[in-house]
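Thank you all for coming.

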Amino acid sequence: ERNSPTPSNGGGTIKIGASRSAFKPYPKKAHATSLPPPPAPATHSLDPMLLRLAKAQAGIAAASNNSSEPNDKQAGAGCIDAIHWASRRLEERRKELGDSHPDIAQLHIELGDILLKMGKANGDALPHFKEALCILAAANGERHVSTAPVYRRLASIFKEQGRQYDALKHYKEVLRILRRSAGQDNEEVADAICNIGVIYMNQGRVRDGSLELRESLDMYRKLAAKARRRASVDDSRRDSGLLVNRSLAIETLGFESLSVDGPGPRRMDSVEREILEGQIRVLCHLCVACWRLGDADEAVGWQEEAMDLETKVFGRESDQVATSLLTIARIHNDVGKLPEALQGYETALAVLKRLHRGPKHPRVALTLNNIGVIYSKQGQSLKGDSARQLYQLALLMHEEALDIYRCTIGGETSDVADTLFNMAVCRDRMGDRLVALDNAEEAVRIYVATGAGHSVARTVQATVLVDRIQAAAGKEALMSADRGALCTVPENDIR
């Protein structure tokens with residue numbers, strides 16, 4: 001016999017080798033049924049609305065990635081559902097809390113965000129943000145940190161509406177609040193300075209905008225260095241722990257063949273990623289600023305630095321890297337560095353084809369068009385068969401781009417008109433003025449029908465007039481020459 005406590009009576013003896021019937025099951029506790037049910041987990045009042053907003057955003061993202069009809073319907077249904085729920089919740093909370101409670105301001109902000117996602121910044125979202133700002137300013141003060149996100153949203157709306165003065169005023173208010181509450185070395189402060197620089201550029205104050213962007217870039221670089229140091233310390237601690245555990249396992253289990261690896265590659269956390277994305281944004285705007293100021297070499301340097309960070313953050317095969325390649329190639333094209341521009345466009349074309357899994361994409365067509373323009377420019381500096389071969393290559397690129405555009409975005413767009421105009425230029429330089437005239441006239445018709453690209457349309461119309469004058473004298477001669485050629489062909493050779 002052996003004494004051992006039993007769960008049923010708290011003690012007692014049982015015999016080793018006793019039958020199974022000697023072991024009694026655990027008795028049910030008498031007070032278990034008398035306990036009240038556990039309270040439901042506390043949920044925030046905005047969680048259902050945020051869930052609907054997340055669904056709406058997922059639908060919008062799906063629609064933007066694939067323009068198929070089901071995704072568009074899903075996005076619209078998700079947004080409408082979120083708007084109805086948020087509006088109903090807003091009215092209910094107004095009855096409970098009144099019109100001036102901070103929770104009402106938060107509901108106005110959330111409802112405005114949904115309307116922004118639907119592209120209704122002009123009429124519907126703006127009043128909600130203004131109402132939220134009035135409530136928060138009355139409750140906490142106009143310079144309270146809670147008003148900064150509302151000022152930022154209002155500034156972005158004014159920027160989209162073209163109200164640059166109002167946007168600049170609100171961005172400066174954001175910067176003033178954040179500098180007082182968060183300090184100087186802060187990601188939100190750097191973003192606000194960047195936004196002010198962009199507004200200066202939109203107003204034509206490119207040099208002032210460049211100075212603001214450089215200040216923002218310095219802040220982002222300091223923040224990125226701090227994030228890297230912090231992440232390096234965390235990774236060294238993690239790798240040291242892994243090495244110690246691995247060594248103990250080898251010593252304990254005796255696996256002599258098990259090798260201890262060194263520390264792996266450093267992983268990027270979300271904070272460092274957000275900082276690098278902000279730095280990329282500033283570098284791209286600096287590239288545009290230097291480009292507009294006439295310093296092409298510095299513009300290329302900023303864009304190349306942005307591309308290096310994009311490769312680190314998004315990967316080599318990404319839309320961001322492809323966009324940087326296209327920007328650098330365009331700058332080289334503008335300053336006359338055609339071989340460098342051609343190389344950049346071809347590299348971007350390869351990335352886009354792999355990224356979009358085939359050539360049938362509008363960005364692929366745009367890149368093909370740019371390559372064709374480079375070939376056409378190179379042909380101008382040559383004569384004879386060499387020039388004609390380059391014009392033929394350019395024409396092939398434009399024709400492929402035209403087919404892609406008509407398959408993906410339709411035939412009556414400004415992109416199609418641009419392609420037709422490029423084809424007209426190539427054919428005119430090749431001497432095929434009749435077909436060039438047809439391409440140019442069709443381009444003018446599309447420009448006029450779409451109402452886009454008026455300056456380009458005037459250029460096309462002038463080219464058409466020149467072509468008409470040049471072709472008028474030779475049109476009848478060409479037609480008569482064609483008829484004579486048909487008449488001289490033996491009858492048995494006509495197919």
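Predicted model: local features only at pLDDT ≥ 70, side-chain atom pairs only at ≥ 80, totals over all residues.

Let me begin with serine 216, which, leaving out residues up to four places away in sequence, touches Ala190, Ile193, Cys194 and Val282. Serine 216 lies in helix 8, the element that covers residues 206-253, and its relative accessibility is 0%, so it counts as buried.

For the overall setting, the protein has 17 helices and 2 strands. Of its 495 residues, 36% count as buried. If we take the contacts between residues at least 6 apart in sequence, 60% of them join residues at least 24 apart.

Now to the helix pairs. Two packed helices are described by the angle between their axes and by the distance between those axes, and I will give both for each pair.

The pair I take up here is helix 11, residues 319-334, with helix 12, residues 338-355; they pack at an angle of about 160°, and their axes are 8 Å apart. Since angles over 145 degrees count as roughly antiparallel, helix 11 is roughly antiparallel to helix 12. The crossing in which helix 11 passes helix 12 is left-handed. On the side of helix 11 the contact includes Leu325, Leu326 and Arg330, and on the side of helix 12 it includes Tyr345, Val351 and Leu352. Sorted by class, the residues of this contact between helix 11 and helix 12 are 11 nonpolar, 4 polar and 3 charged.

The contact of helix 13 with helix 14 is made up, by class, of 17 nonpolar, 8 polar and 1 charged residues.

Helix 14 also packs with helix 15, residues 414-430, here at an angle of about 160° and with axes 9 Å apart. Helix 14 and helix 15 are therefore roughly antiparallel to each other, and helix 14 passes helix 15 in a left-handed crossing. Among the residues that make this contact are Tyr391, Leu395, His398 and Leu402 of helix 14, together with Leu420, Met423 and Arg427 of helix 15. The class division for helix 14 with helix 15 is 11 nonpolar, 4 polar and 6 charged.

Asparagine 439 itself sits in helix 16, residues 433-450. With leucine 420, which is 19 residues away along the chain, the C-alpha separation is 5.4 Å. With arginine 427 there is a polar contact, side chain to side chain, at 2.7 Å. And is asparagine 439 buried or exposed? Its relative accessibility is 9%, and it therefore counts as buried, the cut-off for that class being under 20%.

That is where I will stop, and I am happy to take questions.

How values were computed: Residues numbered from 1 in each chain as written. Heavy atoms only, no water. Nonpolar A, V, L, I, M, F, W, Y, C, P; charged D, E, K, R; others polar. Helix = DSSP H or I, 4+ residues; strand = E, 2+ residues; numbered from the N terminus. Buried < 20%, exposed > 50% of the residue type's maximum accessible area, 1.4 Å probe, protein only. Polar contact = N/O pair within 3.5 Å; in protein donor to acceptor, adjacent residues only side chain to side chain. Contact = heavy atoms within 4.5 Å. Axes fitted to C-alpha atoms, helices over the stretch in contact; angles between N-to-C directions. Parallel < 35°, antiparallel > 145°, perpendicular 65-115°, else oblique. Left-handed = near helix turned anticlockwise from the far one by under 90°.
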